[in-house]
Structure formats: C-alpha cells, structure tokens
Amino acid sequence: MTDTLVAAEGDRYEEALLDATAAWVTRHRPPGSGALAELGAREGALTRRLLKAGYTVHAGEADPDLRARLFAAFRGRARLRLSASDLADPPPVRRRFGAVLLIDALRPGQDLELLHALPTDLLFVALTPPALDGRLRPWLSTQQGWLLVEEIDLAAPGAGPRAPGSRGVLLRRAC
C-alpha cells in the first residue's frame, strides 16, 4: 500500500512540476514567439505540453533508450523536430531559438561554459535547490555572458527522492 501511495504522490509531483514549467515558459515566450529547443527532453512529457500549447519544439535527448521512446511517441508530429542533441551537442540547426530549455538537464560535472554556445538569448534552467545553489549560482556569479532575469519555485520538495523540489532560473544573454 505504501508503494502505491508514494507512486501516486510522485506522479502528482511530476504533473504539477511539468504544468508549472509549461506555464512559466508561456509567461515569458508565448506560442508563436520563436521555436523552443528542449535539451534533455527524456520521454517528452514537457514536449507534449508545449506542442499542445502551440509551440514549435526541437526536442533533443542524448540517452539512446529515452530517445527511442521519445521518437516512438512523437515521430511525424507537426511542429516537432527530434534529435539526439544534448547540451554538449546543441541541435543541428543554423538558426537561433526563441528559447532553450534545460529542465533538470544539467548533469553533475558538466562544463557550464557550454551554455555560452547555445543558439538563443533566453535560457530556462530548472534544477533542484541544492544543485542551483551548489553549481549554477556560483557559476553565474563569475561569468558575464548571462543575466539572471527571474528565479521561481516550480515545485516544492515533497516526500522521498521522486520529489526533490525544483527551482527555475530564467537567464538572458548579456550581449
């Protein structure tokens, strides 16, 4: 019985986090204001919400198993381009995106200097509060390419490891 309750709480947490993230993106970049690149799209739960809202999405996923599920779920959808891209290998397009989304996509040890190469002037980043405080915030204080526009709670921590909490940081290119 406990496993079922934890799974249900985890599912509600994930749904609330995804809804809050989609609403956050919409508040700053409404549909039609430029294509979005979602790097680290996993199986496409946020991608689905963004497409439903009317966005054009370039969804990238580096993990081969997750990418296979993403491709199976979305192949042939209008307003969607799928790729194997990740932060180290941004989407293979020769245009700028209205925004790039890195929603729980930054990995420990990843060189944050890669953010400077992303083809956008607007970057949505979501991390757990400890990851934000321990990695992104110190990096932001020493670099000059990105300005912090907004910081927002997307999901409060809940019970267990499936609900660690999430903070969103919106960055705008400084130059």
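Helices and strands are runs assigned by DSSP, a helix having at least four residues and a strand at least two, and they are numbered from the N terminus. The model before you is predicted.

**First stop: the whole chain.**

**Second stop: the surface.** Keep the protein chain selected and switch to a surface display. The accessible surface amounts to about 8900 Å², and carbon and sulfur atoms account for 55% of that area. Of the 175 residues in the chain, 43% are buried.

**Third stop: contacts along the sequence.** Return to the cartoon. Consider the contacts in the chain between residues at least 6 apart in sequence: 60% of these join residues at least 24 apart.

Select Glu 14, Leu 17, Arg 42, Ile 103 and Asp 104, which lie nearest the centre of the largest pocket and belong to its lining of 25 residues. Which elements give two or more residues to this lining? They are α1 (2-28), α2 (45-52) and α4 (129-142). Colour α1 separately, for α1 contributes the most to the lining, with four residues. The space in this pocket is about 550 Å³.

Colour the lining residues by class. Twelve, written 12 in the count, are nonpolar, while five are polar and eight are charged.

Key:
Residues are numbered from 1 along each chain as its sequence is written. This is a predicted model: local features need pLDDT of at least 70, side-chain atom pairs count only at pLDDT 80 or more; totals for chains, interfaces and linings use all residues. Side-chain values use heavy atoms; hydrogens and water are left out. On a 1 Å grid over the protein atoms alone, a cavity is a set of points where a 1.4 Å probe fits but cannot get out, and a pocket is an open set with protein on both sides within 12 Å along at least five of seven lines; lining residues have an atom within 4 Å of a point. Grid points are joined across faces, edges and corners, and a volume is the space filled by probe spheres set on the points. Ala, Val, Leu, Ile, Met, Phe, Trp, Tyr, Cys and Pro count as nonpolar, Asp, Glu, Lys and Arg as charged, and the others, Gly among them, as polar. Buried means under 20% relative accessible area, exposed over 50%, partly exposed in between (1.4 Å probe, protein chains only). Contact means heavy atoms within 4.5 Å. Accessible areas come from the Shrake-Rupley method with a 1.4 Å probe; for residues, only the protein chains shown count as cover.
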